[in-house]
Amino acid sequence: MESLWLNRVSLPERESLSGEHKADVAVIGGGMAGILTAYFLKQRGRKPVVLEAARIGSGQTGRTTAKITAQHGLIYHRLLRAFGEEKAAQYARANQRAVKCYQELVNTLSIDCDFEECASYLYALEDPQPVELEAQTAQKLGIPSELLGVTELPFPVKTALRFSGQAQFDPIKFLAAVSKDLVVYEHTPVLEIKGNRLTIPGGIVTANQVVMATHFPFVNAPGYYFMRMHQERSYVLALENAPKLHGMYYCAEEGGYSFRSAGEYLLLGGAGHRTGENKEGGCYADLRSAAKRFYPDSREAFAWSAQDCMPADGVPLIGRFSSETPELYVATGFQKWGMTSSMVSAMILSDLLEGKEPEDAKIFSPQRFNLAASGAALLEDGLQAVKGLGKTLFHFPADAAEDLPAGHGGIVELSGKKLGVYKDDQGQIFAVQARCPHLGCELSWNPDEKSWDCPCHGSRFDYQGNLLDNPAQENLHHQ
C-alpha cells in the first residue's frame, strides 16, 4: 500500500550505474539519512555519490509519519539510568539540534514541504508515573517541557508531557529539494562490500570512504548488527474529515496510538508488532476500529505500514562500522524516530568523514556495549533467532497447499517440500522457499501485508518472493 507522501509527490527518475567507477565517498541508500549525509558532505567540498537500490525515498523514509522531534517515547529516564547523565544529555542535545537543523535547511533553501513547528506530546491513559518520571528527567537534561492534564485528543488522558519547538513536514517534498543537485544513481543495489570496493550489478565502485545508510546493514561480519537489533512493524491510516490537531501525540503505553495532522488529513498510527509475529493479522482492522470510535465521521484515504530497527540498548548506531573497517561508516537502529535520527546521523557522519570528533557523538558509537542497557533485549533477540532457525529444522507443516483457504498464506507441504504458499482469491497458488536467504530462519506469513516476514532479523518478501525489506539481499526462489 502506498503512503500519503509517495502518492502525492513524483520524484524524477535517476539513471542506474554499471561498469567501473571511482568515487570520493559512496553513500549506500537514498533515504533521508543517506541523502542528508551526502548533502552535508557536498556542502563541505566533498564529492559524494549516492547508490540507491530502488528509488529515492522509497524505503522507510516514504513510510514514516514524519515527526521531527526529540521526544522519543519513554527514553530519557531509561538513558539516565543506563548510561548516566552526560550521555543522556548528549542524546537530548543531538536530537534537539536535529530539529533546529531541519528548520534552518527549510528556511535557507526555501523548501516547500509543509514544514510546521508544533509541540510533541507523550501521553498516558492508565499510569501517569512513567510519564511523570520522564518529565523530571527532561527537566534535569534541560529539555523545554511541561506536564498537562488536558489535550486536544478525543479522549481523556491521565497526563501528557509536552515538548515545545518540535516540527512535522512532508519528507518526500523535503527530500526532493535536498537531493536535487546530488549525484544519485537509482536501481543500483550494492551487492557486496570488500574493503573500499563495492560490487553493483555489472560493475564495481571504488570509493575512498563508504557510508552504509541502508536501514538495516546487509554486511553480517564484522559488526554483527543482526545480533544487536531486531525489527518491528507499525501501521498508519490517513483520515479525511477528521479534526485538525495542533500537536503530535504518542502513547507511552503498549497498544496506544499516535496522532498528527498532515494538511487535510489526520494520521492515526499504531497496532505495532515484531516483524514476523503477525500470524493472525488484524492490524489495519485495529486502526479502522479506533478511527470509528475517535472520529466517526472520518473517511480512510490512505493506509500503509513501516518497519523500524530496534537496537538492544535503545540508542541508534551511528559512526564507524567496526574497528576492522576504518573507511566504512554506518547509520542504523533509528527505532520509530527516523527523521530526527537521520539528521543526527548526517551531522555526525559528515564530521567523522572529515576526521573531526563530533560533539555529542559518543552515545551513538557502534563500538559501545552496555550490558545493563542491552542484556534483556539481546537475550530476547537471541531466543527469537534460535526459535526461527529451529522451526526450519524441526517444524513440519500439518497442512497441504490445497487446504489453504483462498486469500490466505502459510507454511505447507507441496510436492513433498516445505514451502511458503499463498493462494489468491481465484485459487492460484504462489509457492516460494520457506527460509530467509539472509541467515536461514523460517519465514512467517503476514496477512495484513500479504508478505513473508522473517521473525529473526526482519527481512520481508511479497507473496511472489520479491524482496521488500533488508537485511536479505536477494529474492526468494520460486517453487
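These questions and answers go through several helices, strands and residues of a predicted model.

The model is predicted, with local features needing pLDDT of at least 70 and side-chain atom pairs counting only at pLDDT 80 or more, while totals for chains, interfaces and linings use all residues. Residues are numbered from 1 along each chain as its sequence is written, and side-chain values use heavy atoms, with hydrogens and water left out.

Me: Which residues of helix α2 are buried?
Reply: Helix α2 covers residues 32-43, where helices (H or I, at least four residues) and strands (E, at least two) are DSSP runs numbered from the N terminus. Ten of the twelve residues of α2 are buried, a term that means under 20% relative accessible area, against over 50% for exposed and partly exposed in between (1.4 Å probe, protein chains only). The buried residues of α2 are M32, A33, G34, I35, L36, T37, A38, Y39, F40 and L41.

Me: How far does α2 reach from its first C-alpha to its last?
Reply: The expected span of a helix is 1.5 Å times one less than its number of residues. For the twelve residues of α2 the expected value is 16 Å, and the helix comes close to that, with a reach of 16 Å.

Me: At what angle do the axes of α2 and helix α4 cross?
Reply: Axes are lines fitted to C-alpha atoms, for helices over the stretch in contact, and angles run from 0 to 180 degrees between N-to-C directions. The axes of α2 and α4 (residues 85-108) come within 14 Å, and they cross at roughly 65°.

Me: Which residues of α4 meet α2?
Reply: Contact means heavy atoms within 4.5 Å. From α2, the residues taking part are M32, L36, Y39 and F40, and their counterparts in α4 are C101, Y102 and L105.

Me: In the open sheet of three strands, which strands stand at the edges, and why is one side of each left without a neighbour?
Reply: The sheet has the order β18-β19-β20 with antiparallel pairing, and two strands pair if DSSP finds at least two bridges between them. Each edge strand has a single partner strand, so one side is left without a neighbour in the sheet; these strands are β18 (408-414) and β20 (429-433).

Me: Which residue in β20 stands opposite Y422?
Reply: Strand β19 (residues 417-423) runs antiparallel to β20, and five bridges join them. Opposite Y422, the residue in β20 is F430.

Me: Which residue in β15 is the bridge partner of L237?
Reply: Strand β11 (residues 229-240) has eleven of its twelve residues buried, so it is largely enclosed by the rest of the structure. It pairs in the antiparallel sense with β14 (residues 265-274) over seven bridges, and E232 stands opposite R274 there. With β15 (residues 299-311), β11 pairs in the antiparallel sense over twelve bridges, and the bridge partner of L237 is A303.

Me: Which residue in β12 is the bridge partner of A119?
Reply: Four of the five residues of strand β12 (residues 247-251) are buried, so this strand is largely enclosed by the rest of the structure. Strand β4 (residues 116-124) and β12 pair in the parallel sense over five bridges, and the partner of A119 is G247.

Me: Is S444 buried or exposed?
Reply: S444 is found in strand β21 (residues 444-446), and S444 touches G276, S451, W452 and D453, not counting residues up to four places away in sequence. Its relative accessibility is 14%, so S444 counts as buried.
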